[in-house]
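Here's a quick briefing to read with the model open. Have a look at it first, then work through the notes below.

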Amino acid sequence: MSAVQVAVTGLGVVSPHGDDAGAMFDALMRGESAVQPVFPELPKPTAAALAPFDAARWFTKLQLAGVDRVSQLAVAAAELAVQDAGALGDADPERIGVYAGCGMGGAAALEAAYRGANARMPPLTIPAFMPNAPAAQVAMRRQAQGPVLTYSVACASSGVAIAEAAKAVQRGEVDIAIAGGSEALVVPGVVLAWQAMQTLAAFASGEEARAVRPFASDRSGFALGEGAAFVVLESAERARARGARAYAQLAGWGIGCDATHLTKPDAPGQARALRAALRSAGLAPRDVGYCNAHGTATRIGDVVERNALAEVWGEAALEDLQVSSTKALHGHLLGAAGALEAVITVLALHRQQLPPNAHCTEVDPECRLNLVPQQGAAAPRLEAAISNSFAFGGTNSVLLFCRA
């Protein structure tokens, strides 16, 4: 019996480049950076990519009580994905599942709680910042009565969520999966914590937009981003029956753990996840033409990811794999990164275009890859692409998409 094919029939984003997935992809192809200076009151300059968002479009004032920004973004992106999928047809609510990734939960609610510790504490602080609030809010908005699950696996959160959603569709546990992630942690306390780790990009005044330079010899780290992205997954058979457009097929996935260090990545561990994704899709490395890299622009991380790709592809075949990290333009969305980058990878396949590896004027010799040039690239023969998400804690997630 052949495996059920999983189709991607809806895309929804609330990203630093706006809430239209197609327009966001166009902006990435133009190399437009959404990274900007934030919190001038902090002792050390920092930059981040903020999502333009009007909560009033999605919530009444009464509904907003106890709903953190992270959940607001999730509801909007999930609704946009469902609309893009042409609604959910006659799906039984008990057969609709929500699979959401979130690394931190309601950072704004938590920050407000600490800052107002000596004043009256908002009574809905706990439900506002719990990490499963975004999934619960999406479920209530959509009346999804099947599995409603949250995956909190740092930077791999929403990549894992999408993979687990695909498994549920493939096993017949749900008819429709609304899968993705959200993150909204650009608040002063969190920024200070990341600065203390010395992982955020350094930049001169006025150079914030070009601060993130994945795989470049002068890279110095990433910029935080916020936003949400969701996809609608269903069986290809169900999609055909209801006349839905399929952007791509989610053909394979690989999830594993380095099991070596909490914050230092490990090439063999990442390679295991890459091989698992290829194996589950029944593809060889030569079949995959594009990789949306995790590419955080950290000194260690970029080299490790490059070595993992070389371990699986081989040095010679690696020349045929085009690679870019779009974090240079939209920042690092942490728990939502895997979902946003999955949407970008799906659109790269659907449009046969590759977004650039921006701001990299001189490639680090230890990061030798076939990087997509600054102007992006046409990819008329692209049939399969992967999206990497490699997390603190050592969990690695790889999603493999094929043309529908």
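In helix 6, the buried residues are Ser-157, Ser-158, Gly-159, Val-160, Ala-161, Ile-162, Ala-163, Ala-165, Ala-166, Ala-168 and Val-169. Buried means under 20% relative accessible area, exposed over 50%, and partly exposed in between (1.4 Å probe, protein chains only). Helices (H or I, at least four residues) and strands (E, at least two) are DSSP runs, numbered from the N terminus.

This is a predicted model, where local features need pLDDT of at least 70 and side-chain atom pairs count only at pLDDT 80 or more, while totals for chains, interfaces and linings use all residues. Residues are numbered from 1 along each chain as its sequence is written, and side-chain values use heavy atoms, with hydrogens and water left out.

**Helix 6**
- With 11 of its 14 residues buried, helix 6 is largely enclosed by the rest of the structure.
- Lys-167 and Glu-164, both in helix 6, sit 3 residues apart, about one turn of the helix.
- Their side chains meet in a salt bridge (2.8 Å, N to O), and Lys-167 is partly exposed at 23% relative accessible area.
- After helix 6 comes Gly-172, with a positive phi near 80°.

**Salt bridges**
- The whole structure has 20 salt bridges, each a side-chain nitrogen of Lys or Arg within 4 Å of a carboxyl oxygen of Asp or Glu.
- Glu-79 and Arg-142 form one, at 2.8 Å from N to O.
- That pair links distant parts of the chain, with Glu-79 in helix 2 and Arg-142 in helix 5, 63 residues apart.
- Glu-79 is buried at 11%, whereas Arg-142 is partly exposed at 26%.
- A network of salt bridges links Asp-90, Glu-234, Arg-238 and Arg-242.
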